[in-house]
Amino acid sequence: MKLSAYLLFNGNCKQAFDFYKELFNATDALCTTYGQTPPNPDFPMPKSAENLVMHGTMNLAGSVLMFGDVFPGTPYEAKNDQITLVISAVSAEDARRYYDVLKVDGIEIIPIEKTFFSGAYGKVQDRFGVNWQISADAAEEAEEV
């Protein structure tokens with residue numbers, strides 16, 4: 001079994017997609033807009049949907065993160081307090097780098113710091129409203145209990 005996350009946005013998916021693609025240096029990333037889909041005479045594409053992301057995907061070290069804008073007129077409520085994406089960084093330095101980029105124009109929930117379980121751990125909500133927990137994998141960097 002494989003579990004992936006699908007992030008929905010309300011018109012700003014392309015900006016979020018480009019931001020995450022650069023942050024994670026995702027070379028295996030694809031993004032398709034509604035306007036790039038084949039036309040359907042039974043369902044004409046509204047002009048307001050043409051540049052919205054129908055589906056985006058990026059492979060991040062074996063995990064798949066997917067993206068899309070809601071179709072115009074679809075109800076959308078940005079309530080992301082039940083889902084948090086987790087970055088298990090290979091080092092405390094990498095964890096801090098991810099945290100520092102994600103916190104720009106976002107909300108720091110737990111400042112990143114050394115803990116008993118991680119060399120660097122923190123929580124942040126980024127500028128797109130996505131919640132993240134960032135933790136360094138390296139157990140030897142954690143404090144002794």
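These legends walk through a few close-up views of a predicted model.

Local features here need pLDDT of at least 70 and side-chain atom pairs pLDDT 80 or more, while totals for chains, interfaces and linings use all residues. Residues are numbered from 1 along each chain as its sequence is written, and side-chain values use heavy atoms, with hydrogens and water left out.

View 1. Helix α2 covers residues 92-103, 12 residues in all. (Helices, H or I with at least four residues, and strands, E with at least two, are DSSP runs numbered from the N terminus.) From first C-alpha to last, α2 reaches 16 Å, close to the 16 Å expected at 1.5 Å a residue; the expected span is 1.5 Å times one less than the number of residues. Its buried residues are Ala92, Ala95, Tyr98, Tyr99 and Leu102. (Buried means under 20% relative accessible area, exposed over 50%, partly exposed in between, with a 1.4 Å probe and protein chains only.) Looking down the axis of α2, these buried residues fall within an arc of 125°, so they line one face of the helix. That arc is taken from the directions from the helix axis to the C-beta atoms.

**View 2. Helix α1 and its buried face.** In α1 (13-23), the buried residues are Cys13, Ala16, Phe17, Phe19, Tyr20 and Leu23. Seen down the axis of α1, they sit within an arc of 165°, so they too line one face of their helix. They pack against β1, β2, β3, β4, α2 and β8, where contact means heavy atoms within 4.5 Å.

**View 3. Where α1 meets α2.** Phe19, Tyr20 and Leu23 in α1 meet Arg97, Tyr98, Val101 and Leu102 in α2. The two helix axes come within 11 Å and cross at roughly 160°. (Axes are lines fitted to C-alpha atoms, for helices over the stretch in contact, and angles run from 0 to 180 degrees between N-to-C directions.) α1 and α2 are therefore roughly antiparallel; angles over 145 degrees count as roughly antiparallel, under 35 as roughly parallel, 65 to 115 as roughly perpendicular and the rest as oblique.

View 4. Asn25 follows α1 and lies in the loop between α1 and β2. Its phi is positive, about 50°, although Asn25 is not a glycine. At 61% relative accessibility, Asn25 counts as exposed. Ala61, in the loop between β3 and β4, isn't a glycine either, yet has a positive phi of about 55°. With 88% relative accessibility, Ala61 counts as exposed.
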